[in-house]
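Here is a quick tour of a protein model for someone meeting it for the first time. Take a look at the structure, then read on about its helices and pockets.

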Amino acid sequence: MKSFRQYASKEVAADASRFFKMGKGEYAEGDVFLGIRSPVVRKFAKENVTLSLPKVKTLIKSRFHEERLLGLIIIVNKYKKACEEEKEELYKLYVEHFKYINNWDLIDVTCPHIIGVHLMNRKRDVLYKWVRSKDLWIKRIAMMVNWWFIRQGDLKEVFKMAKILLNDEHDLIHKSVGWMLREAYKKDSKAADAFLKKYYKKMPRVMLRYAIEKHPESLRKGYLLGKI
């Protein structure tokens, strides 16, 4: 998509490479940025919502981060206007391309609006396969799906999945779990605190800090000092 690439900036790409940890041994090693800002990506996604699925697949498979993001957001936009048969096709397309959804922003911006919406009133067994995956990004996808469920007041999965990931080693999983526990607290503080009181001493520090970000100061201190 030549007109899209004309918005590339070497300076923005350099900043992105540092922000998204693209150095050797870091989680995004090998990713390549064009240097196109998110508002431009969203604008192009909106303008190209009728793009054919073969062309969308080509974008998702691109070596360039922003083109993958563009393709994924187009799927989200298509899903909003699709009939049930088309929604099933878009959901499957998204899942079949997991290996290209390989950074936290690609996941967080799109997966709740495809997988979360799609599984809202369907069986969710597959989430427990994904959350136990050895792949960092698939685990994050599974956890971040809860963002949609929680918004609808559905907390059935978030605590089960958080428990599974308590001992995960990766910082990006700690953050995603903590974030979802924080969102759960905003919907049902009693349920969230019941979970936290049982498991907070086993949580990685980052996970706990994210989870209690919206708690009253006195309660936050109690959790951090191990006195709850």
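## Before we start

Axes here are lines fitted to C-alpha atoms, for helices over the stretch in contact, and angles run from 0 to 180 degrees between N-to-C directions. Helices (H or I, at least four residues) are DSSP runs, numbered from the N terminus.

This is a predicted model, where local features need pLDDT of at least 70, side-chain atom pairs count only at pLDDT 80 or more, and totals for chains, interfaces and linings use all residues. Residues are numbered from 1 along each chain as its sequence is written, and side-chain values use heavy atoms, with hydrogens and water left out.

## α5 and α6

Let's begin with α5 (65–81) and helix α6 (residues 84–96), whose axes come within 10 Å and cross at roughly 160°. That makes α5 roughly antiparallel to α6; angles under 35 degrees count as roughly parallel, over 145 as roughly antiparallel, 65 to 115 as roughly perpendicular and the rest as oblique. The crossing of α5 past α6 is left-handed (the near helix is turned anticlockwise from the far one by less than a right angle; clockwise would be right-handed).

Who touches whom? On the α5 side it's L72, I75, K78 and Y79, and on the α6 side K87, L90, L93 and Y94, with contact meaning heavy atoms within 4.5 Å. Six of these residues are nonpolar, none polar and two charged. Here Ala, Val, Leu, Ile, Met, Phe, Trp, Tyr, Cys and Pro count as nonpolar, Asp, Glu, Lys and Arg as charged, and the others, Gly among them, as polar.

## Two oblique pairs

Next up are α7 (104–119) and helix α9 (residues 136–144), with axes that come within 9 Å and cross at roughly 45°. The two helices α7 and α9 are therefore oblique to each other, and α7 passes α9 in a right-handed crossing. W104, I107, D108, C111, P112 and I115 of α7 meet W137, R140, I141 and M144 of α9. That contact has eight nonpolar, no polar and two charged residues.

Then there's α12 (residues 171–187) with helix α13 (residues 189–199): their axes are 6 Å apart, at an angle of about 140°. So α12 and α13 are oblique to each other. From α12 come L181, A184, Y185 and K187, and from α13 come S189, A192, D193, F195 and L196.

## The pockets

A pocket is an open set of points on a 1 Å grid over the protein atoms alone, where a 1.4 Å probe fits, with protein on both sides within 12 Å along at least five of seven lines; lining residues have an atom within 4 Å of a point. The largest pocket holds about 280 Å³ of space, a volume being the space filled by probe spheres set on the points, which are joined across faces, edges and corners. Its lining has 17 residues, and F20, F33, I36, R37 and S38 lie nearest the centre.

The second largest pocket comes in at about 180 Å³. Among its lining residues are W104, R140, D171 and Y210. Helix α12 gives the most to this lining, with five residues. By class, the lining of the second largest pocket has six nonpolar, no polar and five charged residues.
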